[in-house]
Amino acid sequence: MSLWNLVSHMAPEEFSSLSTEFPWSLRCLLAEWLENQPWEFINGSDAFCTSMASRMLSDMLEKLRSAAGSDGQQCQILQQVSNIESTFRRDPLRLVAVMRAVLEGEKAAVLKRDHHLPLSFHRRQEELKFSLGLQRLQHRVREIQALQEEGPGRDGAVQSPMAPRDMPTLILEAVKELEAAKQQVLKRIQIWKRQQQLAGNGAIFEENLAPLQKRCENLLEVYFQLQQQVMAASSELGPELLPRLLERFNEVLSSLVKSSFLVEKQPPQVLKTQTKFQASVRFLLGPRLLKATPKPYIVRADMVTEKQARELELMGVGAGGFLTTIPSLTPSSCHQLGLLKKIKRCERKGSESVTEEKCAVLFSTNVTLTPSNVSIHLQVLSLPIVVIVHGNQDNNAKATVLWDNAFSDIDRVPFVVAERVPWDKMCDTLNLKFMAEVQTTKGLLKEHYFFLAQKIFNDHSASPEDFQSRHVSWAQFNKEILPGRGFTFWQWFDGVLDLTKRCLKSYWSDRLIRGFISKQYVCKLLSMEPDGTFLLRFSDSEIGGVTIAYVMRGKDGSSQVENIQPFSAKDLSIRSLGDRIRDLGQLRNLYPNIPKDQAFGSHYNKEQTGKDGRGYVSTAIKMTVESERWVRGHICA
């Protein structure tokens, strides 16, 4: 979503103070175009900034004149455009300042209302900053080239406006800007890798690496141009400065090349031995730097422990634990099946279990770069992996992966992650995982978070606000057994996930399941409701169960709330939840007051009656309740 998409729905009066030098009517005509220009990043008054400002003024005037042609108030708009041109043509940098103020004012208004700006806006701003930096670098290269061509040694050479600036100063400025652009690229690569990790928990992820590859290639092109100019000016740089500059150039190229070797498709983060899996790596600068060779490059894949991963990070030492070799690397990527035959466990710390042990796949290769013919070693680690040997380890392994994906920092010692995290961040993580696993757009609500907080902290006296400032530990998440239960919080939550994904997706998406709510609170909600009022909640005492709570009248006329024995995924595969609700005449209205046929009618299956095509009389499975005192659902055929 763009900034303009939000601003255009706000009252124009909120921006009246911004319209003194630039009319609101023209802002409306420019719409999203305005925020797609680098106003914010043109800082300075040098030739490059002035040239950019002049070009943006011309583009704006053309855009406005074109828009005015289709507007009913054409004459008024054209007069305003003429005023803009006469005001700013002699000083286009003033226009940049005005437009920057307009955008800053709009951002402030949106932040005041929404407390955040759209992610797409931030991403676009980052792209504009990089693009402008690249243009500035290209401008620097042209300045250096012009200064060399107009050097003092030429007879009759015309003195350039840039001539008073000596060559070393100009080159040092250009190299500094090159290093800044490189840091921007590396940061963007790190962000892509972090987003890839969050995608493991269900976050939306733009996998397409083409824009990032294009960015790397564009920077590399400018790098070679600038390097060529530096070598041409070597005599003017002197024996001390030139080696230092070449060292800085080498560092830029080395870090850019090594960082552009990525795991495009990650191995499964919970990996079972003797199970085949796919993974792929991609060298973003491969098409530009790798020679076409008769034999493809070989990528080796090794399973490394957490300790080995740290050594690789700190000292670049070799790894052990041979996994498999991927037998081809094209200039851009490779894809191959792998197979982990066995795993050598590390010595564990304290109460750490095997499902808390993290390792990774190290992908490595040696390549020769063109045009320098320099050999370089490329290596990259996969995301952390938990290796299991039995399916019953899967649940706990998923907990380790979920925690690591959600709470690890971009730059960390492998594979350190916080032991305690803010509860609100845990809520975001659980919601993200729930929506992704169930494949629903209906996430968890505040009342659900309150119930989950009571459960994980074993605290039923705190208010929802009290939990907001608390931190939850890894032990509370998946090591400590819940009071009075035989399972951890995550084991219970994962059971709910599995049940909902397999049997209850449509009911949840239609908001027919209250779900995360305690038995005690259900009694409070239903006790004053008419007979037959019911709601559905996830079982608090069983893993992967959903139960129906309903109001019935006792012999003494008092209101009682009963809970039917929870249904498992196996139960609901025999007869669906909707049909079970239809079967029970005791159930009349879904809380607070929705007739059950209205709420669940679309979820009923059509019952077959009479004889089928083979002449057999149809039978039906129906649900009943054994007694009103001990409420236990069962099936009668």
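Mentor: Helices (DSSP runs of H or I, at least four residues) and strands (runs of E, at least two) are numbered from the N terminus. This is a predicted model, in which local features need pLDDT of at least 70, side-chain atom pairs count only at pLDDT 80 or more, and totals for chains, interfaces and linings use all residues. Residues are numbered from 1 along each chain as its sequence is written, and side-chain values use heavy atoms, with hydrogens and water left out.

Trainee: Where does Gln439 lie, and what is its phi?

Mentor: Gln439 is in the loop between helix H13 (423–438) and helix H14 (446–457). Its phi is positive, about 60°, although Gln439 is not a glycine.

Trainee: What is the strand order in the open sheet of five strands?

Mentor: The order is S14-S13-S12-S15-S16, and the pairing is mixed.

Trainee: Why is one side of strand S14 and of strand S16 left without a neighbour in the sheet?

Mentor: Strand S14 (559–563) and strand S16 (594–595) stand at the edges and have a single partner strand each, so one side of each has no neighbour there.

Trainee: What makes S13 and S14 a pair?

Mentor: Pairing needs at least two bridges found by DSSP between two strands. Strand S13 (residues 546–553) is joined to S14 by five bridges, and the two run antiparallel, so they meet that rule.

Trainee: Which strands does helix H17 touch, and which does helix H18 touch?

Mentor: Contact means heavy atoms within 4.5 Å. Helix H17 (residues 489–509) packs on the sheet, touching strand S12 (533–538) and S13, and its direction makes about 135° with that of S12. Helix H18 (residues 519–526) touches S12, S13 and S14, at about 165° to the direction of S12. Axes are lines fitted to C-alpha atoms, for helices over the stretch in contact, and angles run from 0 to 180 degrees between N-to-C directions.

Trainee: What lies between S13 and S14 in the hairpin?

Mentor: Five residues do, and Gly557 in that turn has a positive phi of about 85°.

Trainee: How many aromatic pairs does the count give?

Mentor: The count is 29 aromatic pairs.

Trainee: Why is the pair of Phe489 and Phe493 called stacked?

Mentor: Rings of Phe, Tyr and Trp (its six-membered ring) pair if their centres lie within 6.5 Å; planes under 30 degrees apart count as stacked, over 60 as edge-to-face and the rest as tilted. The ring centres of Phe489 and Phe493 are 6.2 Å apart and the planes are at 15°, so the pair is stacked. Both residues lie in helix H17, four residues apart, about one turn of the helix.
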